[in-house]
Amino acid sequence: MIGDIIVDSWNDFEDELARLEEMRSSRRAGSNFIYRGQSDASYELETTLDRKQRKMMPIAEYHGIIEKIKPQIEVFSGGHWDTATFQKSFDAWLDDNDSYMPHSLLLKEFNGTLRYMFWLRHYGFPSPLLDWTGSPYIASYFAFNGARDGQGHVAVFVYLDSMSEFRTKSGWSGEPVILNIGPFGGALKRHYNQKSEYTLCVMRKNEHWIYAPYEGMFMPASDDSQKSRQDLLWKITIPWSKRNEFMSRLDKYYNINALSLFDSSEALMDTLAFRVFS
């Protein structure tokens, strides 16, 4: 379900957030909203893997690639990720867990691989993970921070995976499924600062499990069918001209700025420059 919402001020933005939260609470949804800021409202929801490589990449192929480069990354970064939790090959693990896919990707034995995938995504390697945040204000920061001077509108996407009290979702084996990874410990400090959450879109196609695009996942619902109660998405669009208003409020009242989100010397300079010159 897609809902486009146009706001023209900070107060309008907060009113819409409150309205959506009231709707979620009144229907006793067991899920919480997650949010994603994008610097151009015309952009669709798309992973870096979709943009960089191709859509519909087999899961086994992607994991073969990231396992191949892992020794180089560990030597360079000094980090280590325990992805060797599969007693057999990754292909064999997929076969063994086929009946439980795609939810097998949420099993404890996959946690080390997820941590590695988070690290890769954070540092720019093409990834099937789509990153979100648990805070609409952090999402609005990222929307405006990456925007080009004078462009039309930025967007804050609001996603709810299920309206059910028990977070149930329907579907058949040939349909894409969005997995909400949720907050995940043991990754990077910035993930905590940014209240990071992630989703994966997965489906079975031609006897292979693939990382699927989000295209077509959020369909307008005209009735009260089961489909209309899951994978709900709203897009709040805000004029670029409101950048200073939003960024100033985020800094002054919520301490959301480059320094609090990235915690680096460069982020400190960015924050001070905004305060002095904006």
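This is a predicted model: local features need pLDDT of at least 70, side-chain atom pairs count only at pLDDT 80 or more; totals for chains, interfaces and linings use all residues.
Let's start with helix 10, which runs over residues 265–277. Its 13 residues reach 18 Å from the first C-alpha to the last, close to the 18 Å expected at 1.5 Å a residue. Ala 267, Thr 271 and Phe 274 are buried in helix 10. Looking down the axis, the buried residues of helix 10 fall within an arc of 65°, so they line one face of the helix. Turned away from that buried side is a face with the exposed residues Ser 265, Glu 266, Val 276 and Phe 277. As for what covers the buried residues of helix 10, that includes helix 8 (243–254) and helix 9 (258–262).

Helix 8 also packs against helix 6 (residues 136–145), and helix 6 in turn packs with helix 1 (residues 10–26). Here are the two pairs:

| Pair | Angle | Axis separation |
|---|---|---|
| Helix 6 and helix 8 | about 140° | 10 Å |
| Helix 1 and helix 6 | about 135° | 12 Å |

With that angle, helix 1 is oblique to helix 6, and their crossing is right-handed. On the helix 1 side the contact is made by Trp 10, Phe 13, Glu 14 and Leu 17, and on the helix 6 side by Pro 136, Tyr 137 and Ser 140.

Helix 6 and helix 8 are oblique to each other as well, but the crossing of helix 6 and helix 8 is left-handed. Here Tyr 137, Ser 140, Tyr 141, Phe 144 and Asn 145 of helix 6 meet Arg 243, Phe 246, Met 247, Leu 250 and Tyr 254 of helix 8.

Note on methods: Residues are numbered from 1 along each chain as its sequence is written. Side-chain values use heavy atoms; hydrogens and water are left out. Helices (H or I, at least four residues) and strands (E, at least two) are DSSP runs, numbered from the N terminus. The expected span of a helix is 1.5 Å times one less than its number of residues. Buried means under 20% relative accessible area, exposed over 50%, partly exposed in between (1.4 Å probe, protein chains only). The arc is that of the directions from the helix axis to the C-beta atoms. Contact means heavy atoms within 4.5 Å. Axes are lines fitted to C-alpha atoms, for helices over the stretch in contact, and angles run from 0 to 180 degrees between N-to-C directions. Angles under 35 degrees count as roughly parallel, over 145 as roughly antiparallel, 65 to 115 as roughly perpendicular and the rest as oblique. A crossing is left-handed if the near helix is turned anticlockwise from the far one by less than a right angle, and right-handed if clockwise.
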